[in-house]
Amino acid sequence: MWESSGWILPTVLYAPRFAGWDDVGDTLCPIARSLSVIGDRWTMLLIRELLFGTKRFDEFQAQTGMSSHLLSTRLTRLEEEGVVKRTPYQDRPVRYDYRLTEKGKDLFPVILSLRGWGNEWCGLKTSQKPAVRMVHTGCGGEVGADPTCTTCGERLTPKNVSSSFSKLFARERTHRNTSFGLEKRVRNNSN
Ligand SMILES: [Zn+2]
């Protein structure tokens, strides 16, 4: 009918269809491409935990509240994307430790920004001690939302920043572990 009438097909019919979130990785926009890898809250919570030094599956579950299926799916995706690597620490059954790759560690500034934004805008009292105190080990300067140290100008990385939990946040994390049935103490550094 289109041909016989001599009409030209509207170009919208030929335009690539946006089929869903997973296809966002096809765009040239780097922000959309990043979000196709790390754009849900579960994944960013996992990145947070990995930066805190959490390595084990059950500890991720305890601290994030994710179901085992969801956690497994997200970890697999992050491994496929080269953000996370896993190494076995036990046979029968095989159990794995998870760590960030260099690509994963490069998300550190994203976490610093989220932390800074959350402290400013997400209902935390200014009088309250920060949940996590971060210090640049190179100069002892306090770490805020900036990707470089505001005291000495050095680029901040997970390796040159030490983190310590406030008493209340450490208690919250311990409570999460014990509620989940983990007896282990909460780690208190990010390296
Ligand atoms: Zn510094």
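**Figure 1. Helix α4 (residues 57-64) and its buried residues.** In α4, the buried positions are Glu 59, Phe 60, Ala 62, Gln 63 and Thr 64. A residue counts as buried if 20 or more other C-beta atoms lie within 10 Å of its own, as exposed if 12 or fewer do, and as partly exposed in between, with C-beta atoms placed from the backbone. Helices (H or I, at least four residues) and strands (E, at least two) are DSSP runs, numbered from the N terminus. The model is predicted: local features need pLDDT of at least 70, side-chain atom pairs count only at pLDDT 80 or more, and totals for chains, interfaces and linings use all residues. Residues are numbered from 1 along each chain as its sequence is written.

**Figure 2. Surroundings of α4.** The buried residues of α4 pack against α3 (41-52), α5 (68-80) and α8 (167-179).

Figure 3. Thr 43, Leu 46, Ile 47, Glu 49, Leu 50, Leu 51 and Phe 52 are buried in α3. The expected span of a helix is 1.5 Å times one less than its number of residues. For the 12 residues of α3 this gives 16 Å, which agrees with the 16 Å between its end C-alpha atoms.

**Figure 4. The chain as context for the close-ups.** The chain has 8 helices and 4 strands, in the order α-α-α-α-α-β-β-α-α-β-β-α from the N terminus. Of its 191 residues, 17% are buried.

Conventions
Contact = placed C-beta atoms within 7 Å.
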